[in-house]
Amino acid sequence: MIQRPKNMGWIEVICGSMFSGKTEELIRRLRRARIAQLPTSIYKPKIDSRYSKSHIVSHNKSEMKSHIVGDAKEILILSKDDKVVGIDEAQFFDISLVKTCRKLASNKKRVIVAGLDRDYRGLPFGPMPGIMCEADYLDKLQAICIICGNHASYTQRIINAKGQVLIGEMDKYEARCRNCYKNPND
Ligand code: ZN
């Protein structure tokens, strides 16, 4: 899909609702880079400990070894010798992620960032608006609405709980289309 520019880094962003296959797509891109024998590494923020502490795991259970970092700056140090850098659950980093990604790309690395663009209230999530703006390539993936089967770009929280961050899976969230999504603030 993406022609590889020579002697240059760039930023790819994969966003979308929960259950839209973001992590799966991230793993697919990194796996292809590894097959091409490019040194790669993957990072995720400390907050997300679901399934596995040292692996990124997609909902369909494909997985890849990853580093857990306390903040985005650590990625700069840890990925020093890599050509391709993957970042998962990017919405949980703070806004310094944007600067980190910019630096990585200036250091001629291919940076692939996956994250939720919106939270359960339908609002921009963490550093995602900034990183989407910084992206050279942007893919917004769709899930399938659990109610009607249309394409879904909203994440509906189905339990009654407040707070932007509530780690969970199908027990707590559903993918919904624009018609079926109910904003908790309405
Ligand atoms: Zn629907």
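Reader: Which residue in S7 is the bridge partner of Val-13?
Author: In this predicted model, the bridge partner of Val-13 in S7 is Val-113. Val-13 also has a bridge partner in S8, namely Leu-138.

Reader: And how many bridges hold S1 to each of those strands?
Author: S1 pairs with S7 in the parallel sense over seven bridges, and S1 is joined to S8, again running parallel, by five bridges.

Reader: Is S1 buried or exposed?
Author: Seven of the seven residues of S1 are buried, so the strand is largely enclosed by the rest of the structure. Trp-10, Glu-12, Ile-14 and Gly-16 point one way from S1, while Ile-11, Val-13 and Cys-15 point the other way, and all of these are buried.

Reader: Why would they split into two sets like that?
Author: In a regular strand the side chains alternate between the two faces of the sheet.

Reader: What about S7, covered or open?
Author: S7 is mostly covered, since seven of its seven residues are buried. On one side these are Arg-110, Ile-112, Ala-114 and Leu-116, and on the other Val-111, Val-113 and Gly-115, with both faces covered.

Reader: Which strand is joined to S7 by four bridges?
Author: That is S6, residues 84–87, which runs parallel to S7, residues 110–116. Within this pairing Val-84 stands opposite Arg-110, and Gly-86 has Ile-112 as its bridge partner in S7.

Reader: Okay, zoom out. In what order do the strands of the sheet run?
Author: The open sheet is made of six strands, in the order S5-S2-S6-S7-S1-S8, and their pairing is parallel. Strand S5 (67–69) and strand S8 (137–141) are at the edges with a single partner strand each, so one side of each has no neighbour in the sheet. On average, neighbouring strands of the sheet are turned by 20° against each other, if direction is ignored.

Reader: Which strands does helix H1 touch?
Author: Helix H1, residues 22–35, packs on the sheet and touches strand S1 (10–16), strand S2 (40–45), S6, S7 and S8, and its direction makes about 165° with that of S7.

Reader: How far does H1 reach from its first C-alpha to its last?
Author: The 14 residues of H1 reach 20 Å from the first C-alpha to the last, which is close to the 20 Å expected at 1.5 Å a residue. The buried residues of H1 are Lys-22, Thr-23, Glu-25, Leu-26, Ile-27, Arg-29, Leu-30 and Ala-33. After H1 comes Gln-37, whose phi is positive, near 60°.

Reader: Switching to the metal: which residues are the protein donors of the zinc ion?
Author: The protein donors are the SG atoms of Cys-145, Cys-148, Cys-177 and Cys-180, which lie 2.3 to 2.4 Å from the zinc ion. The four donor atoms make angles of 103 to 118°, and the site is tetrahedral. Along the sequence, the donor residues are spaced C-x2-C-x28-C-x2-C.

Reader: What does the pair Cys-148 and Cys-180 tie together?
Author: Cys-148 lies in the loop between strand S9 (143–144) and strand S10 (151–152), whereas Cys-180 lies in the segment after strand S12 (173–176), so the pair ties together parts that are 32 residues apart in sequence. Cys-148 is partly exposed, with a relative accessible area of 41%, while Cys-180 counts as buried at 13% relative accessibility.

Reader: Now Ile-144 in S9. Buried or exposed?
Author: Ile-144 counts as exposed, at 53% relative accessibility, because the cut-off for that class is over 50%.

Reader: So what is Ile-144 in contact with?
Author: Leaving aside neighbours within four places in sequence, Ile-144 is in contact with Gly-149, Asn-150, His-151, Ala-152 and Ala-175. The C-alpha atoms of Ile-144 and Glu-174, which are 30 residues apart along the chain, are separated by 9.4 Å.

Reader: Last one: how many helices and strands does the protein have, and what share of the residues is buried?
Author: The protein has four helices and 12 strands, and buried residues make up 48% of its 186 residues. Of the contacts in the protein with a separation of 6 or more, 69% are accounted for by residues 24 or more positions apart.

Terms used
Residues are numbered from 1 along each chain as its sequence is written. This is a predicted model: local features need pLDDT of at least 70, side-chain atom pairs count only at pLDDT 80 or more; totals for chains, interfaces and linings use all residues. Side-chain values use heavy atoms; hydrogens and water are left out. Two strands pair if DSSP finds at least two bridges between them. Helices (H or I, at least four residues) and strands (E, at least two) are DSSP runs, numbered from the N terminus. Axes are lines fitted to C-alpha atoms, for helices over the stretch in contact, and angles run from 0 to 180 degrees between N-to-C directions. Contact means heavy atoms within 4.5 Å. The expected span of a helix is 1.5 Å times one less than its number of residues. Buried means under 20% relative accessible area, exposed over 50%, partly exposed in between (1.4 Å probe, protein chains only). Donors are N, O and S atoms within 2.8 Å of the metal (3.2 Å for Na, K and Ca); water is not among the atoms, so sites may look incomplete. Four donors count as tetrahedral if all angles lie between 85 and 135 degrees; four count as square planar and six as octahedral if opposite donors are over 155 degrees apart and all others between 65 and 115; anything else is irregular.
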